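Let's take a friendly walk through this structure, with the sequence and model side by side.

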Amino acid sequence: MSSGDPGTSRGVTAISPDAAHANGRGRMTDKADFRSYYGRPIIKEPVWTWEIPWYFFTGGLTGASSALAAGARIAGHETLARRATLTALAMTLVNPVLLISDLGRPARFLNMLRMFKVTSPMSVGSWVLSAHGGTATLAGLSELTGRAPRTGVASDLAAGALGTVLATYTALLVSDTAVPAWHEARIELPFIFAGGAMASAGAAAAIVTPVAQAEPARRLTVLGAVLELGAAQVMERRLGELAEPYEQGTVAKLKWAALGLTAGGATCVALAGRRSRAAAVLGGALTLAGAACERWTIFKAGFVSARDPKYTVKPQRRRMEERAASDGARPVGPSRSGAEERPGTGTSADGAGHGEGRAG
Amino acid sequence: MSAPEVTVIDTPAWAGSYGDEVKPRVGFFTDTSICIGCKACEVACKEWNHVPATEYEFTGHSYDNTGDLGSDTWRHVAFVEQRVPVGGVAEGAPDSFVAEAHRQEILQRSGIEAERDGEGLRWLMASDVCKHCTHAACLEVCPTGALFRTEFGTVVVQQDVCNGCGYCVPACPFGVLDRREGDGRVWKCTLCYDRIGDGLEPACAQACPTNSIQFGEHDELRARARERVDRLQADGLAEARLYGEDPGDGVGGAGAFFLLLDEPEVYGLPPDPVDTTRDLGEMWKAAGLAAGAIAAGALAVFAGSSR
Amino acid sequence: MAENHPVGFQWVMEAKERGAKLIHVDPRFTRTSAMADLHVPIRAGSDIAFLGGIVNYILENGREFRDYVVPYTNAAVIVNEDFADTEDLDGMFSGWDPEAGAYDPASWQYEGMTSKSASGGRPGAGGRAGGEASHGAHGAGLSSGQSPSTDPTLEHPRCVFQLLKRHFARYTPEMVERICGVPADQLIEVAESMCLNSGRERTTAFAYAVGWTQHTVGAQYIRTAAIIQLLLGNMGRMGGGILALRGHASIQGSTDIPTLYNLLPGYLPMPQAEGHENLDAYIAEHRPPGGFWGNTSAYMVSLLKAWFGDAATEENDYCFGHLPRLTGDHSHYATSFEMRDGKVDGYFVMGQNPVVGTANSKLHRLALAELKWLVVREFNETETAAFWYDSPEIDSGENSPETIGTEVFFMPAAAHTEKGGTFTNTQRLLQWHHKAIEPKDDCRSELWFMYHLGRRIREKLADSQDPRDLPVLDLTWDYPVEGPRDEPDAEAVLKEISGYGVADRGALSSYMELRDDGSTASGCWIYCGAYADEVNQTARRKPGQDQTWVAPEWAWAWPLNRRILYNRASADPEGRPWSERKRLVWWDEEAERWTGHDIPDFEATKRPDYVPPDGAKAQDALRGDDPFIMQADGVGWLFVPSGLKDGPLPTHYEPMESPVANPLYRQQVSPTREQFVRPDNAYNPIADQRGAEAFPYVMTTYRLTEHHTAGGMSRTLPFLAELQPEMFCEVSPELAAERELEHGGWATVVTMRQAIEARVMVTERMTPQDIDGQRIHTIGLPYHWGARGEVTGDSANELLSIVLDANTHIGEYKAATCDIRPGRRPRGQARLDLVDSYRAQTGDRAGPA
């Protein structure tokens with residue numbers, strides 16, 4: 001019998017009492033397409049709670065609002081700039097509270113700033129959050145009080161630049177984990193979040209800005225909605241089997257809600273919102289709700305993919321098979337002495353240059 | 001057979017930080033083929049580290065009522081009951097004495113059927129622990145620096161720094177870390193940092209009666225492990241394998257690695273674990289592009305519109 | 001062994017590393033089985049048939065180690081012509097007296113002789129030893145000058161060897177399959193393995209624990225193993241023997257310095273009320289002329305001198321009269337029944353939890369309720385201590401704290417880390433443990449408690465002239481005390497146990513120095529030497545790697561630090577090792593003494609060719625090639641003419657409660673089993689008795705690694721409690737289907753005594769078996785749970801009845817019958833009603849014939 005066949009079990013039959021013996025009959029036959037330890041999760045689901053998806057939402061809103069404000073300043077759209085700046089200020093006051101309250105030891109939040117670590121999106125994000133928070137506050141205060149206008153503008157621009165990172169780094173936050181649905185969507189997630197941020201900022205601006213001055217906001221809403229929903233579609237397609245969490249239960253409901261609210265809201269903003277403030281408000285609210293739903297969809301989908309071991313085992317097994325196939329004769333499975341060892345660079349067949357230029 | 005060559009992995013301890021204080025890398029070789037499932041490791045660890053007891057729960061998962069590793073379980077013994085094919089007694093394990101009896105015509109005389117195609121039972125037992133990866137995702141994503149690399153190459157959480165952000169929890173490909181309820185911080189195996197500095201071995205290794213848990217210098221352990229797995233395979237245990245020993249794997253090899261008798265997922269371990277930050281380049285690139293898209297969008301929407 | 005002696009089991013794993021093969025015979029597949037090369041699932045209670053099958057295999061195929069068997073066992077001895085075997089009498093031996101309910105062993109004796117067994121041997125509880133004091137040693141004869149008849153060719157039809165063959169003739173592999181459920185070829189695998197692995201070059205060892213002793217035929221289980229090991233030449237050899245895995249906290253010590261009613265220290269028998277009026281009568285009865293038991297008087301007098309010191313003189317028989325006398329069976333079980341019947345006033349319970357740990361829990365709780373006073377010494381308030389307010393009988397209303405008259409004293413106990421002393425467990429090894437920390441608050445060691453209790457009683461009795469008080473007043477009771485709590489010096493006690501010269505109080509080195517003239521004192525003759533040279537030998541800790549593989553300088557083993565008993569047998573009659581590979585002790589002709597890796601378990605200078613002169617006594621009556629120096633005739637007994645109540649040869653009987661009719665004989669159960677036929681100990685009906693079908697399943701109780709005995713020390717500790725939090729039963733998938741049991745759900749197990757509930761663990765590690773055409777299921781029950789602690793549950797011992805091995809008074813915990821049904825058990829009165837509904841089916845029968 002070949003020891004090299006990936007997944008070969010030599011006819012070994014696992015006995016899973018709950019599955020096999022719930023009705024006291026016989027034993028489990030061997031042809032489940034993956035094996036696990038009593039169906040227990042392999043990785044741990046995150047300890048994050050409701051504050052976090054809302055943080056993604058408000059972070060996207062405030063970040064993209066700062067960007068919109070900056071663009072408006074540059075383009076000389078002062079009304080829009082003012083509204084967007086103040087929106088950013090409002091959200092910037094909420095943002096950190098959400099994050100800090102989710103900590104296990106909230107009093108120690110300042111420990112986030114002990115270092116700046118590129119391998120940790122949360123580290124980078126804490127700095128970006130702080131910097132954006134500072135600049136958005138300055139810009140907002142300047143706008144409110146009318147004082148230090150040059151500082152205000154500079155802050156607007158800075159907050160705008162930082163805001164683009166604030167709005168997208170959160171995607172990195174979730175994809176830089178072992179959670180299958182998140183990690184495997186690491187390319188698409190930033191674009192979904194970017195789109196959502198843009199749509200949120202545009203929608204919020206369309207709500208608080210008079211119709212006449214809100215055209216760029218309405219455009220941004222549509223642009224964002226298209227990017228958000230488009231990237232989400234691409235993600236689900238590319239996830240393949242890992243898209244399953246998006247197709248069942250609460251996650252699916254949220255997903256459809258997000259789709260409907262975002263599409264409907266953006267359409268309403270774009271078409272009716274150019275004539276009616278009320279429509280803009282309605283459409284804007286729907287879009288905001290849609291963006292929030294999208295964050296929640298992704299958040300919950302991650303948890304579902306973390307809980308069931310099949311989402312960890314099956315893709316990994318497939319990856320191993322592909323590696324074995326591309327490596328030709330090199331067997332996968334029990335390691336034998338001297339066989340695959342390649343010193344120093346730690347080259348593995350996944351070829352991702354792992355082991356060189358390690359960060360951290 | 002001469003001892004297999006083992007290339008020493010440079011210790012992951014930060015040379016820049018430790019300078020001369022860098023010690024030889026240490027770790028665990030857990031040989032699950034001789035684990036007798038006594039759970040002394042679980043108890044010794046809790047006693048030494050004052051880890052709280054967890055919920056009392058009859059899981060029905062064989063003799064494993066502990067469940068998995070977490071903030072309050074740093075050594076976890078897994079139990080898997082399996083049916084394994086037995087190819088008839090006569091050709092079973094080496095030195096079958098029924099074959100001998102046959103040869104001495106005893107079976108013939110008594111007319112007893114010697115060939116039994118049936119199934120035997122196997123009970124896998126394995127003590128799981130934090131892997132102290134060479135490329136540790138938990139350490140890399142920790143924003144406060146609470147998780148750090150010791151001079152022994154191990155990974156430890158500083159309890160006075162951790163603010164419980166919980167990022168390390170889903171980052172670990174093995175599901176080792178968790179936040180302790182009521183405490184707010186993340187706790188995990190320290191590889192008995194407070195013992196090894198004084199020349200003691202970790203509590204679990206000391207308590208293990210059969211030496212299934214072996215502590216020592218990492219390269220020595222690897223050499224020993226390779227000999228052991230070669231021997232087991234030569235003895236007919238084709239499924240014996242090392243797990244976490246290969247520096248070419250997705251975490252750069254583990255400080256605490258294992259000898260398993262079946263596929264990793266059977267024990268609740270990921271078959272192909274990867275340090276998530278391996279893909280960091282890709283991820284930052286995508287984030288950068290997405291951020292750029294926002295910037296571009298925030299400018300583009302003003303094209304040709306009145307103020 | 002991996003389950004219950006995990007630390008000791010590392011040595012088995014070490015042996016495996018070096019190529020040893022491990023065979024595990026057990027009704028369940030345990031953590032030991034997981035490490036074994038072969039697991040043999042045997043029906044609980046059928047081991048004599050299995051082992052007998054191995055004996056049969058050895059004899060039928062001529063695999064015995066002849067060169068060993070002929071000189072070193074009684075194989076050649078010819079037995080009385082009146083002897084009739086179980087083959088002749090359908091399961092009985094000759095000599096059964098139905099009125100006495102006991103055997104008269106007269107017909108089992110060697111032709112022309114009456115022999116005494118080594119340490120006395122009274123056939124029945126309260127009965128008297130029969131026969132005259134006569135000689136039974138090789139070479140020395142009867143008063144008329146005859147020696148036992150032997151046939152060294154082993155052909156004589158009444159020689160032990162042929163009797164053995166005949167007795168086990170029907171224990172064929174097919175019969176073993178029928179009785180035990182072990183496939184015939186698996187029996188052959190085991191037997192052939194043993195045969196190939198025994199002889200000059202190789203040895204095989206048995207290891208066992210209560211899986212063998214806790215049966216009505218437990219002593220005979222071990223006897224069958226002894227027969228195998230003698231036939232294969234494995235006794236007294238390295239890597240051989242029969243290893244009794246004694247329990248952790250000094251249970252070997254608890255029989256050496258006994259807590260058993262019928263033994264004095266060093267396995268001297270307790271005196272009887274009848275017939276032991278004085279020391280001479282006692283000695284006369286118990287001293288065989290041959291072997292080291294021939295020095296019984298020296299051991300006894302030295303013991304009395306240790307206990308009574310200067311008060312013990314030759315004139316007053318060394319205070320022999322002060323010793324309590326037996327009038328019957330005073331074992332734990334018998335006493336519990338007496339207690340239940342209101343005949344016992346007071347009870348000390350120290351380090352034991354009978355309500356959970358002893359069969360028939362309810363009986364013990366009801367018994368405790370009849371006491372006037374109860375003292376419990378424990379770390380925490382166990383089920384026994386709390387019986388008066390927390391028990392099923394309180395729940396059901398059968399009893400209440402208002403109506404229970406027992407005055408309960410709960411005294412806190414110190415843990416083993418809080419006191420010094422020795423443990424003696426497996427391998428007869430005494431290991432000292434040091435006190436690490438003072439006990440907290442009022443916690444005290446047993447030594448402190450008993451010593452100061454005794455001191456206070458003596459103070460109260462100091463002026464008494466009542467002869468009844470003299471035994472207490474005459475005791476030596478003067479250990480030095482130390483520390484803030486006046487803790488008696490445990491080392492002083494050890495020295496007293498080891499022994500000293502009365503005149504100079506100098507420590508003795510060997511039991512050979514003991515005298516019967518009052519010049520020596522020793523609290524336990526087999527421990528003599530544990531304090532040799534004024535050194536606490538038990539505290540020695542030379543690491544293994546710094547000494548030979550025998551490691552004689554780690555702690556101290558009795559007797560005389562000999563590590564393998566009867567190791568004379570590791571050399572042939574001429575004193576040469578059987579093989580180079582298995583060389584252990586041998587005769588050094590130049591030095592004219594025995595030498596070797598181990599301390600020879602033999603007189604150092606007795607030549608291999610020594611022949612005892614006429615009239616020689618004790619060890620001098622043994623030849624230079626008689627390795628079994630504790631036996632009257634110096635040889636290993638394949639056939640036991642006296643000393644065991646249930647027969648000279650092991651015989652398969654079914655357990656007291658069994659769903660199987662004995663396929664071998666008409667006699668179903670051991671005729672000598674000690675049973676207590678009473679309504680509060682009702683036995684399940686069996687075979688064709690009315691209601692037998694109510695209890696169709698076999699039940700066996702056992703231990704888990706995670707818990708310790710009755711749970712007082714493990715269910716109270718969170719780190720252990722969480723490892724196994726709930727009482728559970730183990731059933732096969734087939735049984736689960738038959739009884740609709742759900743894995744992870746609940747089940748209720750019922751016997752005539754009680755109904756308990758347990759979580760259900762459906763597992764293939766429990767194997768249904770085909771026994772004599774019947775499908776037999778076994779239900780496994782760990783016995784650790786009780787009503788108190790971090791984790792609680794019902795006790796398995798609620799279900800068991802009390803029925804004992806007549807030789808040892810050990811209960812049958814390992815095989816019984818029961819019923820099982822899905823769901824939790826009823827509470828309160830409804831629980832009693834459930835049990836009654838089963839009793840009603842049986843007509844409340846009290847036990848088999």
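The report below covers an interface, a few backbone details and some strand pairing.

## About the model

This is a predicted model, in which local features need pLDDT of at least 70 and side-chain atom pairs count only at pLDDT 80 or more, while totals for chains, interfaces and linings use all residues. Residues are numbered from 1 along each chain as its sequence is written, chains are lettered from A and ligands numbered from 1 in the order in which they are written, and side-chain values use heavy atoms, with hydrogens and water left out.

## Where chain B meets chain A

Let's begin with the contact between these two chains. On the chain B side, 113 residues are in contact with 104 residues of chain A, where contact means heavy atoms within 4.5 Å. About 8,800 Å² is buried between the two chains, and carbon and sulfur atoms give 55% of that area. Buried area here is the accessible area (1.4 Å probe) that two parts lose on being put together, summed over both. Y167(B), I294(B) and F302(B) supply 8% of the area that chain B buries against chain A, more than any other three residues.

Between chain B and chain A the count is nine salt bridges, each being a side-chain nitrogen of Lys or Arg within 4 Å of a carboxyl oxygen of Asp or Glu. In one salt bridge, the side chain of R186(A) meets that of E282(B) at 2.7 Å, N to O.

Several elements of chain B each supply at least two residues of the side that touches chain A, including β2 (75-87), β3 (117-129), α9 (218-234) and α10 (280-300). The largest share, 15 residues, comes from α10(B). Helices (H or I, at least four residues) and strands (E, at least two) are DSSP runs, numbered from the N terminus.

## Backbone details in loops

Now for some backbone angles. H50(B) has a positive phi, near 55°, in a residue other than glycine, and is found in the loop between α2 (40-49) and β2 of chain B. With 67% relative accessibility, H50(B) counts as exposed, a class that needs over 50% relative accessible area, whereas buried means under 20% and partly exposed lies in between (1.4 Å probe, protein chains only).

In chain C, Q427(C) has a positive phi near 75° and lies in the loop between β12 (421-425) and β13 (429-433). Q427(C) is partly exposed, at 37% relative accessible area. The peptide bond from W558(C) to P559(C) is cis, with omega near -5°, and P559(C) sits in the loop between β18 (556-557) and β19 (585-588) of chain C.

## Strand pairing in chain C

β12, β13 and β18 of chain C form, in that order, an open sheet with antiparallel pairing. Two strands pair if DSSP finds at least two bridges between them. β12 and β18 of chain C are the edge strands, each pairing on one side only. Two bridges join β13(C) to β18(C), and L429(C) has A557(C) as its bridge partner in β18(C).

β19(C) is joined by four bridges to the antiparallel strand β20 (residues 593-596) of chain C, with W587(C) opposite W594(C). These two strands form a hairpin with four residues between them, and E592(C) in the turn has a positive phi of about 55°.
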